[in-house]
Amino acid sequence: MILKLSGINRSFGAIQALKKADFEIGESEVMGLVGENGAGKSTLVKIIGGFDDGYSGEYTFDGEPVRFSNPSRAEKAGIAIAQQELSLIPAMSVAENIFLVGDTVPFFATKKSLALKAKPYLEEVGLDKVDPSISVNRLSIGEQQLVEVASLLAHDPRVLILDEPTAALGESDSVRILEMVERLATNGKSVIYVSHRLDEIFKICHRITVLRDGISQEPRKVSEFNVHSLVESMLGRELQNMFPERMKLTRSEPLLEVCGLWSDATVEPFNFQVYPGEILGLAGQLGSGSGDILSAIGGASGTREGKIKYKGREFLPKSPKEAIKASIAYCSNDRKLDGLFLGRPIKENLTSPALGRISTYGLLNQGSEERLAFGNAEKFTVDVTRMGTEAGLLSGGNQQKVALGKWLSIEPNIILVNEPTRGVDVGARAEIYGKLREFANEGKAVIFASTDIQEITGLSDRIITFYRGMQIGEIELKDISATKVLEQITHPFGVQQEVKTA
Amino acid sequence: MSNSLIANARVTGLGFVDRLVRDYSALVVCLIGLFLVVFIVGMATAPNFLTIFNFKTIIRDAALVGIMAIGLTFVTLSGNFFLLSMKETAALCIICFATSMSSGYGFEISFLLTMGVAIIAGAAQGALIGLGGNPIVVTLGAAGLLFGLGSWWSDNLVVSFRRPHGAEWLGTGSFLGLPNITIAFILIAISAECVLRYTNFGRQVYLIGANRAAGKATGHENFSMAIKVCIIASICSAFVAIAFSAQVSSAHVNYFSSEFGSSGDMTIMVIATVMVGGNSIMGGFGSTLRTSLGAIFISTVDNMMVLHGFNSGPRVLAVGLMIVFSIIVFALVRRGSRAQE
């Protein structure tokens, strides 16, 4: 084994991210590292790459015990890590980007000699047709991703870590990444491949390590897994009381119909309905379009065409303002960006969409503002003794409650939520789920988009699945299972057959 | 659950001093401290400092800059930075007012005409900013345009109108011993503060200033906001232009560029006032009350220097120092509040 970690513990405050986790990888092996959000994958990757040395446990590299206090030491030893965010400089040439940092920078170089030196690395990642002297911003994102890897190869690493390299890529670019990984492995490099896309894991990995709640499982050969058993070992935990009980639904007229709504961010127009009393889950990975369709309905992002049918009207909100007028609330996935006024008091946040309701002739009515804000705060168990403090001082979970709770102030008929519990701890999660269910039980509707499988399967009355900007299928309550959802959002076109034949 | 919440509140709830520091109010504390220092020094060293006449002078001097700064505060609080065309708007307005007065139209018509010009100028700049134009670039361009118009209209000459005229009550009149312009400053300061605190519009100013994207998401769009705040700032400019013209019975496009206030340039003085008052440059935090106090503070320092016989050079330097000081305190306090998060 070229790299081996055993009994790794790492905690952040009260949260233990890794509990006696083990990890290993052999020479010229591709090791898949999978797990849910928050399972500890990124913590483990950071420790391996020298970004984090606050752990306890043993770490041996090439037979020697090591402890990297910063990333450049790990790099010197031969461990390179390709982050999700690209670190290329767009205006500089491909070759210049490859020799940008560290001791690979030649003391003196002309553009020509640099391009010549860059050539072998580009060939290794499959970019042999790209001219090394053109600037990086003329390449596709997938090609840039490959250039990033090429710049890592210039350091001649023995272990390469790829952290979700295809998360932001389309189909054709993803294929190039996968081809590159296979080529690197045959050239003797060891690759740690982190991904949520199980079809990719099955295609290129030799062995798979599953992390769950910070505990690692014995790495096993890919052939010992199938999609079902892999998903089972990723999830496999009881969550009975996390999610509120579902009410019996009798469907009548839909409350809202989405008719051929084509968001700028998706490949095709989408069609679906939501019924009164229902929580509809839109399942999909990053870039699947499940969240984009919500912001399109809420008037917060651009659309090519399409309408919504709602309350006997056919229209499309052009701005959040129009959506609010129609009693449609859209809660975005990034509360720091456009969900909260961090520097303003909690009270003002909670009443922000409903100033019209708390004012007469343009004058704010302090009494009705207090009533509205306190009412909402109590419903969402936001601490009412701190209504005057800035929203920015709250914890993530409480911030999310305020970001979501403020929409109750407009008494909406439909709540659209993109990622209802991103960065939220378990306790607040259960509360948020409970509130959404309560809201739906009043005969209103909730549509939420999520990349979290548990959330999708546990909360939804019905699920619609998305894959890379396409609407894949619809899963009724009786058929809901994590396996089924995962299959549809990771490899809807029957990759399983391919895996078997491979 | 509720018990733990309350316990949590006790742990994280801040004491009075902490809250003062966190709310950037350290800046206010520092300024008040500095104000006292200046005051005591003034009392001890300048014999005429502590007279009622001198206090009236201080507030009177603060009035014109203060009124314009109150208007600009709306722009800054709403996150639209500054208007660099404050003095040029005033320049065009003063020419408009004086020309109208000298042509024999009465005060009322001249006043409305001038306000009309200011509203158009403000709305146009606001619309461009609201559409996504950079406030600095837009208003720098507008400044040239407005000044050019005023200069062309007046042939770059002094426009004067004969006394007695209908505007004298505003320029040189007084009520119960206080100059009317001082009374106007106080009334504008109070009503601006009430608008910000107690109206729907005022709340929108703060919300959009605190986070424009979140403002849009909750139905408060910056387009109409930018137009409204720019109109407010322009109207304040026009009011100052009218009051000044009424005082001197004449007008020239350069009245607000030199020989005016302590540092000569009205735009810079107005921006300095907003900043010394301790308003967040990024928007979302501050008040017109702070701006008013800033105006009085600058005017007090300036007054004391005049009494000590400093000429304009050191007085400009003092204003510059005050701006730098307020920026540093603001940045430090802000960092402190981040650390607490």
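User: How many bridges join strand 15 and strand 16 of chain A, and in which sense do they pair?
Analyst: Strand 15 (residues 303–310) and strand 16 of chain A pair over three bridges in the antiparallel sense. Two strands count as paired if DSSP finds at least two bridges between them. Helices (H or I, at least four residues) and strands (E, at least two) are DSSP runs, numbered from the N terminus. This is a predicted model, where local features need pLDDT of at least 70, side-chain atom pairs count only at pLDDT 80 or more, and totals for chains, interfaces and linings use all residues. Residues are numbered from 1 along each chain as its sequence is written, with chains lettered from A and ligands numbered from 1 in the order in which they are written.

User: What is the bridge partner of Y310(A)?
Analyst: R313(A), in strand 16 of chain A.

User: And which sheet is that?
Analyst: An open sheet of four strands in chain A, in the order 13-12-15-16, with antiparallel pairing. Strand 13 (270–274) and strand 16 (313–315) of chain A are at the edges with a single partner strand each, so one side of each has no neighbour in the sheet. The twist from one strand to the next averages 15°.

User: What order do the strands take in the open sheet of six?
Analyst: The order in chain A is 17-20-21-14-22-23, and the pairing is mixed. Its edges are strand 17 (328–331) and strand 23 (470–476) of chain A; each has a single partner strand, so one side of each is left without a neighbour in the sheet. On average, neighbouring strands of this sheet are turned by 15° against each other, direction ignored.

User: How many bridges between strand 22 and strand 23 of chain A?
Analyst: Six, with strand 22 (residues 462–467) and strand 23 of chain A pairing in the antiparallel sense. Y467(A) has M470(A) of strand 23 as its bridge partner.

User: Which strands does helix 9 of chain A lie across?
Analyst: Helix 9 (residues 290–297) of chain A lies across strand 12 (256–263), strand 13 and strand 15 of chain A, at about 110° to strand 12. Helix 9 of chain A also lies across strands 14, 17, 20, 21 and 22 of chain A, running at about 140° to strand 20 (414–418). Axes are lines fitted to C-alpha atoms, for helices over the stretch in contact, and angles run from 0 to 180 degrees between N-to-C directions.

User: Switching to chain B. What about helix 5, buried or exposed?
Analyst: Mostly covered: 15 of the 17 residues of helix 5 of chain B are buried. Buried means 20 or more other C-beta atoms within 10 Å of a residue's own, exposed means 12 or fewer, and partly exposed is in between, with C-beta atoms placed from the backbone. Just after helix 5 of chain B, G104(B) has a positive phi of about 95°.

User: How much of chain B is buried overall?
Analyst: Buried residues are 49% of its 341 residues. Chain B has 15 helices and four strands.

User: And how many residues touch between the chains?
Analyst: 28 residues of chain A contact 26 of chain B, where contact means C-beta atoms, placed from the backbone, within 7 Å. Helix 10 (320–325), helix 11 (335–339) and strand 19 (363–364) of chain A each supply at least two residues of the chain A side.

User: Which residues does Y193(A) contact?
Analyst: Leaving aside neighbours within four places in sequence, its contacts include V30(A), M31(A), L162(A) and I204(A).

How values were computed:
Contact = placed C-beta atoms within 7 Å.
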